[in-house]
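Student: I have just opened this structure for the first time. Could you walk me through it?

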Amino acid sequence: MKEIIVKENEAGQRLDKLLAKYLNKAPKSFIYKMLRKKNITLNEKKAEGSEKTKVGDLVKIYLSDETFEKFSESIQVPQIHRRKDNKKPLSVIYEDEHILLVNKESGMLVQKAKPQDYSLNDAILEYLAEKGQVTEETLKTFKPSICNRIDRNTSGLVAAGKSLLGLQELSRLFKERTLHKYYLCYVAGHVKEKTRIKGYLWKNEKTNQVKIYSKEQEDAKLIETEYCPVVQGKYTTLLEVKLITGRTHQIRAHLASIGHPIVGDVKYGKKAVNDKYKKQCHISSQLLHAYRIKFPKMGSRLAYLTGREFVAEVPKEFRIMEKYR
């Protein structure tokens with residue numbers, strides 16, 4: 001017999017969903033049969049499976065150890081991944097019991113594109129495993145996860161939920177667009193004043209490339225981008241960009257559509273500009289950095305984050321550009 005006391009990260013879901021995580025190799029029919037026969041109980045009572053679990057609920061599973069092991073596949077705890085490229089370890093900007101903010105390096109995937117990929121999500125799980133904050137048991141029912149995505153060759157702030165509360169709240173902020181997100185980028189040409197632009201973005205799913213239209217088009221989504229010049233150079237401008245909407249490649253494609261492509265952007269940029277700065281500064285990816293976020297008013301349990309700002313240090317390529325801009 002196995003006893004499960006429902007913890008905070010497991011509460012708020014249907015009992016059958018929770019059981020499916022513990023008995024992850026068992027067919028649903030088996031779980032419902034065990035519920036009907038009272039081989040699985042909730043708080044010492046017969047359960048149907050549709051009950052919403054609460055913190056402190058007691059679930060008893062009256063199965064032999066052999067049967068439980070047969071239907072329960074163990075979850076491997078992430079091990080520290082020794083990367084051959086000797087890249088920097090995870091750069092943590094802020095951490096508490098609910099959320100984790102990291103500064104992603106350019107060139108790293110946020111999530112796997114292929115099974116063999118090593119992603120930021122993997123690095124975060126390894127970091128938490130090393131600290132003993134995730135275990136085989138906790139990973140059965142809750143997996144810390146990233147809440148926002150930035151392009152592989154974009155660097156900067158990425159947020160992850162360490163607890164169910166943190167994951168839900170961060171996901172809500174990104175969905176409602178109430179978390180203020182700011183980027184820094186170097187663009188070709190001179191930008192003289194703060195501007196807010198609108199357009200319509202259409203994505204080609206086959207090529208993973210987008211196109212910007214000035215007028216409404218079928219299947220194109222409205223986008224808004226606000227930018228402000230920070231420093232003007234002889235050939236380029238350093239911009240602070242605020243995302244009003246958040247679409248695929250929005251900043252890169254929107255700025256390119258008005259004649260100010262991001263330096264180093266091989267997909268939407270100018271080849272001559274990219275070649276120049278690759279030769280002078282060894283720039284090999286777009287100079288776009290998610291550098292700052294500001295939290296809005298938060299609910300009572302995360303009220304301590306209200307109004308707080310977090311900044312991710314720019315990569316060395318931005319500092320090199322100061323000499324050649």
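Student: Which residues of α7 are buried?

Tutor: Glad to start there. This is a predicted model, in which local features need pLDDT of at least 70, side-chain atom pairs count only at pLDDT 80 or more, and totals for chains, interfaces and linings use all residues. Residues are numbered from 1 along each chain as its sequence is written, and side-chain values use heavy atoms, with hydrogens and water left out. Buried means under 20% relative accessible area, exposed over 50%, and partly exposed in between (1.4 Å probe, protein chains only), and the α7 residues that count as buried are Q250, I251, R252, A253, H254 and L255.

Student: How many of the residues of α7 is that, and what do they pack against?

Tutor: Helices (H or I, at least four residues) and strands (E, at least two) are DSSP runs, numbered from the N terminus. α7 is mostly covered, with six of its eight residues buried. Contact means heavy atoms within 4.5 Å, and the partners of these buried residues are β9, β10, β11 (209-213), β12 (221-232), β13 (236-243) and β14.

Student: What is the volume of the largest pocket?

Tutor: On a 1 Å grid over the protein atoms alone, a pocket is an open set of points where a 1.4 Å probe fits, with protein on both sides within 12 Å along at least five of seven lines. Grid points are joined across faces, edges and corners, and a volume is the space filled by probe spheres set on the points. For the largest pocket, that volume is about 1200 Å³.

Student: Which residues are closest to the centre of the largest pocket?

Tutor: A lining residue has an atom within 4 Å of a point. The largest pocket is lined by 47 residues, and the closest to its centre are R149, D151, R247, T248 and H249.

Student: Is V266 buried or exposed?

Tutor: V266 lies in the loop between α7 and α8 (271-281). Its C-alpha atom is 7.4 Å from that of S285, 19 residues apart along the chain. Because its relative accessibility is 73%, V266 counts as exposed.

Student: And E309, which residues does that one touch?

Tutor: E309 is found in strand β15 (residues 309-311). With a relative accessible area of 41%, E309 is partly exposed. Not counting residues up to four places away in sequence, E309 touches R292, I293 and K294.

Student: At what angle do α1 and α2 pack?

Tutor: Two packed helices are described by the angle between their axes and the distance between the axes. Axes are lines fitted to C-alpha atoms, for helices over the stretch in contact, and angles run from 0 to 180 degrees between N-to-C directions. Helix α1 (residues 15-22) and helix α2 (residues 28-36) have axes 10 Å apart, and the angle is about 120°.

Student: Which residues of α2 do the α1 residues meet?

Tutor: On the α1 side, the residues are L15, D16, L19 and A20. Their partners in α2 are I31, Y32 and L35.

Student: Finally, how many helices and strands does the protein have?

Tutor: The C-alpha atoms fill a box of roughly 75 × 45 × 40 Å, taken along the principal axes. Buried residues make up 47% of the 325 residues. The protein has nine helices and 15 strands.
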